[in-house]
Amino acid sequence: MQKLAQTLDLDALRSFVTGMECGSFAQAAVRLCRSTSAVSAQLKKLEQQCGSKLVVKSGRHLALTREGEVMMGYARRLLALNDEALCTFSGAGLQGEVRLGMQEDFGDTLMPGILGEFTRHHPGLQIIARVARNQELLAALDSDALDMALLWQAQPLQRKGVLIGQFPLEWIAHPDCDVSAMISQGEPLPLVMFDNPCLMRSRAIDSLDRAGIAWRIVFVSHSLSGIWAAVRAGLGITVRTRVGMPANLVSAGNVLPPLGALGVTLEQKSGSQTEPNAQNLLARLMENALRSIEPLPGLRPA
């Protein structure tokens, strides 16, 4: 009789992926509602199944071995397929609508895939989507015009959104923009920004003021497409994440002060009339899609 091949443990794979995304298996244990020892045991089991060391300590941080990098690719694909199957069957027969809001940065990168996958599996459930800036989305949530929204983290002590991850902020410019020359010559740094209120605008100005670097706002836009158009035209530099950044722009952060990261939160309206299971399924799709965006060097799901 032919010997059956081993089957990788999906729980162990999820602990492995979550631990690396969190940067700590202790944090992964909290996220997965397990003990740290149980998560560590799952990683050990996975390494035994693979016959290879997958994770090593690098100072205070975790690092993937060469075999770990290979396994990470397989693990993400297996978990995504598992989650897709669960979404399909647990959401069978869903009816009604979900009113979803999303920050502009994620509209082009996340929305098409999410809408396509969700409607294929749940044709009886309609998604009404809105792409807008934070303030508009928050107002829509508060006025019951939206059931849920994916937002840049704002006023964490005053909102009830769940932190999904963090993206590093970048100074972004046209490749021909010589930021070093501007600074050395004492020229005010030309900024391309949203109008107020804007989290990234505030972060940029505060960091330049602390560093003693002169600045001036040369272009104000009400839309993200306007921001990208102005930077592509060489009018100035902006601050965003790399999510949706046009391919012909570059990071100009080496000579400018660091900006830290900005959290991404998912806020769901309590007491919404939408079927809770529909919101949960859509939230899971958004979390999975968020992790798939490249590049994500600083993503740290909570």
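1. A word on what you are looking at. This is a predicted model, in which local features need pLDDT of at least 70 and side-chain atom pairs count only at pLDDT 80 or more, while totals for chains, interfaces and linings use all residues. Residues are numbered from 1 along each chain as its sequence is written, and side-chain values use heavy atoms, with hydrogens and water left out.

2. Now the overall make-up. The protein chain has 11 helices and 12 strands; helices (H or I, at least four residues) and strands (E, at least two) are DSSP runs, numbered from the N terminus. Of its 302 residues, 44% are buried, where buried means under 20% relative accessible area, exposed over 50%, and partly exposed in between (1.4 Å probe, protein chains only).

3. Have a look at the open sheet of five strands. Its order is β4-β3-β5-β12-β6, with mixed pairing; two strands pair if DSSP finds at least two bridges between them. β4 (125-132) and β6 (162-168) stand at the edges with a single partner strand each, so one side of each has no neighbour in the sheet. From one strand to the next, the twist averages 15 degrees.

4. Inside that sheet, β5 (residues 148-152) and β12 (residues 261-268) run antiparallel and are joined by five bridges. Contact means heavy atoms within 4.5 Å. Axes are lines fitted to C-alpha atoms, for helices over the stretch in contact, and angles run from 0 to 180 degrees between N-to-C directions. Helix α9 (residues 199-211) lies across β5 and β12, at about 160 degrees to β12.

5. K57 has L62 in β2 as its bridge partner.

6. Which residues of helix α10 (residues 224-232) are buried? They are L224, G226, I227, W228, A230 and V231. These buried residues pack against α5 (104-107), β7 (170-173), β8 (189-194), β9 (215-221) and β10 (238-240). G234 follows α10 and has a positive phi, near 80 degrees.

7. Two backbone details deserve a second look. Most residues other than glycine have a negative phi, and most peptide bonds are trans. D144, in the loop between α7 and β5, has a positive phi near 65 degrees. At 45% relative accessibility, D144 counts as partly exposed. A cis peptide bond joins N196 and P197, with omega about -5 degrees, and P197 lies in the loop between β8 and α9.
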